[in-house]
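Me: I have a model open and would like to learn how to read its features one by one. Could you take me through it?

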Amino acid sequence: MNVTIEENRSHPRLPDLLGAYHLVNQAEKGNAVTAVAELPAVYRGEAEDPAAVFTADTVLLATPAGDDLPAGCVVLKAPREGRAPEIKRLWVAPEARRKGIAKALMAEALRRAAASGAAAVRLTVWNWREEPLALYRSLGFETVASWDERPDLLCLEKTMEGEREETREKAGEKAREETAGPVEADRVERLTPDEVRAHASAGLAALLVDAVEGGASVGFLAPLAAREAAAWWSRVADEAAEGARDVWAAHGPDGGLTGVVTLVRGTTANGRHRGEIARLLVHRSARGRGLGYRLLATAEAHAAATGLTLLVLDTRTDSPAERLYRGAGWTAAGTIPDYAADPAGVPRATTLYYKRLG
């Protein structure tokens, strides 16, 4: 069966799907209620305003071919405090079951988790829910030590190495592996101010030059001289030393830099709760293997762990980067026409995005 999967935590159909999920779940637990308004507050909030509850998470909906409204949903919770992302609220309307919708939703949730660099994904399921449990088992989930002591609740986990391999193959990595051997994952690490200075004139400058040459609107016009790019990174090193900016870089198997992202912290008294994602760059030779997702997820996790509750960014409207941000759960706040010139000097529209953390 053909199914269209979309990410949209604000879809008008989502409250109905989540409400039905919780009403059935409460009945199965022996706590039956007849209306969403009678649900426990934590569940009622999800059904009444899912966009607010799942603001930091990925909400997927599935619409069968020929239908106008989604018939199923699933939530991929963002990782917290070093824990693996968790799949929650898998639900398919009764009239649309046994058509592969649940499997399609799970496949897309796992694909996104793999693209983000997650090492594993976890979930919980009541031991009496035989059909969902069979689906999870078929997808490679295994029972693990419980992190939730409620009776009859099973805790399952799936390692993502196989999913990441499949993602790489779909992006063309399979052909490269056959000719050059296995591909080692890029290593993402936070750079100290001294390390930023050390890489400024070589790896970091090369990433910025490559981005401008590729047409990315990152604050510079083409051609960008390596000297100018290095000078910009040297200023970033100063900001890192002052605690105003954090920098993460991805190192390829040969040690060269393949990507970078920075997090700029708000410095005003009324803005210290927020940060800005800036200069998310992946070298054109390293694209197609989920590195952008990994860099973004690393910066987001650090922001949340250090007390930030809101992130913002801007990117050229209709650029490939927009797919990345939307897929990672960011919300478009609005578009400004002719906001910034592209590398050729032509004014282009820019879309502003935000993401709430925690």
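Me: Where does Asp-152 lie?

Reply: Asp-152 sits in the loop between strand 6 (142-143) and strand 7 (153-159). Helices (H or I, at least four residues) and strands (E, at least two) are DSSP runs, numbered from the N terminus. This is a predicted model, so local features need pLDDT of at least 70 and side-chain atom pairs count only at pLDDT 80 or more, while totals for chains, interfaces and linings use all residues. Residues are numbered from 1 along each chain as its sequence is written, and side-chain values use heavy atoms, with hydrogens and water left out.

Me: What is the phi of Asp-152?

Reply: Start with the general idea: most residues other than glycine have a negative phi, and most peptide bonds are trans. Asp-152 is not a glycine, yet its phi is positive, about 70°. Arg-279 is another non-glycine residue with a positive phi, here about 55°, and this one lies in strand 11.

Me: Are Asp-152 and Arg-279 buried, exposed or partly exposed?

Reply: Buried means under 20% relative accessible area, exposed over 50%, and partly exposed in between (1.4 Å probe, protein chains only). Asp-152 is partly exposed because its relative accessible area is 43%. Arg-279, with 23%, is also partly exposed.

Me: Which residues does the cis peptide bond join?

Reply: The cis bond joins Ala-222 and Pro-223, with omega at about -5°. To find Pro-223, look in the loop between helix 8 (193-213) and helix 9 (226-241).

Me: How many strands form the open sheet, and in what order?

Reply: In general, strands of a sheet pair through backbone hydrogen bonds, either parallel or antiparallel. The working rule is that two strands pair if DSSP finds at least two bridges between them. Here seven strands make an open sheet with mixed pairing, in the order 8-9-10-11-12-14-13. Strand 8 (187-191) and strand 13 are the edges, each pairing on one side only. On average, neighbouring strands of this sheet are turned by 25° against each other, direction ignored. For that angle, axes are lines fitted to C-alpha atoms, for helices over the stretch in contact, and angles run from 0 to 180 degrees between N-to-C directions.

Me: How many bridges join strand 12 to strand 14?

Reply: Seven bridges link these two antiparallel strands. One place to look is Arg-316, whose bridge partner in strand 14 is Thr-350.

Me: What stands opposite Cys-73 in strand 4?

Reply: That is Trp-91. Strand 3 (residues 72-77) and strand 4 run antiparallel and are joined by five bridges. Strand 4 is mostly covered, with six of its seven residues buried. Cys-73 is buried too, because its relative accessible area is 0%.

Me: How many disulfides does a search of the whole structure find?

Reply: A disulfide is a covalent bond between the sulfur atoms of two cysteines. The cut-off used is a pair of cysteine sulfur atoms within 2.5 Å. The search of the whole structure finds zero. Cys-155, for its part, is buried, with a relative accessible area of 2%.

Me: How much space lies in the largest pocket?

Reply: On a 1 Å grid over the protein atoms alone, a pocket is an open set of points where a 1.4 Å probe fits, with protein on both sides within 12 Å along at least five of seven lines; lining residues have an atom within 4 Å of a point. Grid points are joined across faces, edges and corners, and a volume is the space filled by probe spheres set on the points. The largest pocket holds about 1400 Å³. Its lining has 44 residues, and the closest to its centre are Leu-280, Pro-320, Ala-321, Leu-324 and Tyr-325. Strand 11 gives the most to this lining, with seven residues.

Me: And how much space lies in the second largest pocket?

Reply: About 810 Å³. Leu-90, Trp-91, Arg-129, Pro-132 and Tyr-136 are the closest to its centre among 33 lining residues. Strand 4 gives the most to the lining of the second largest pocket, with six residues.
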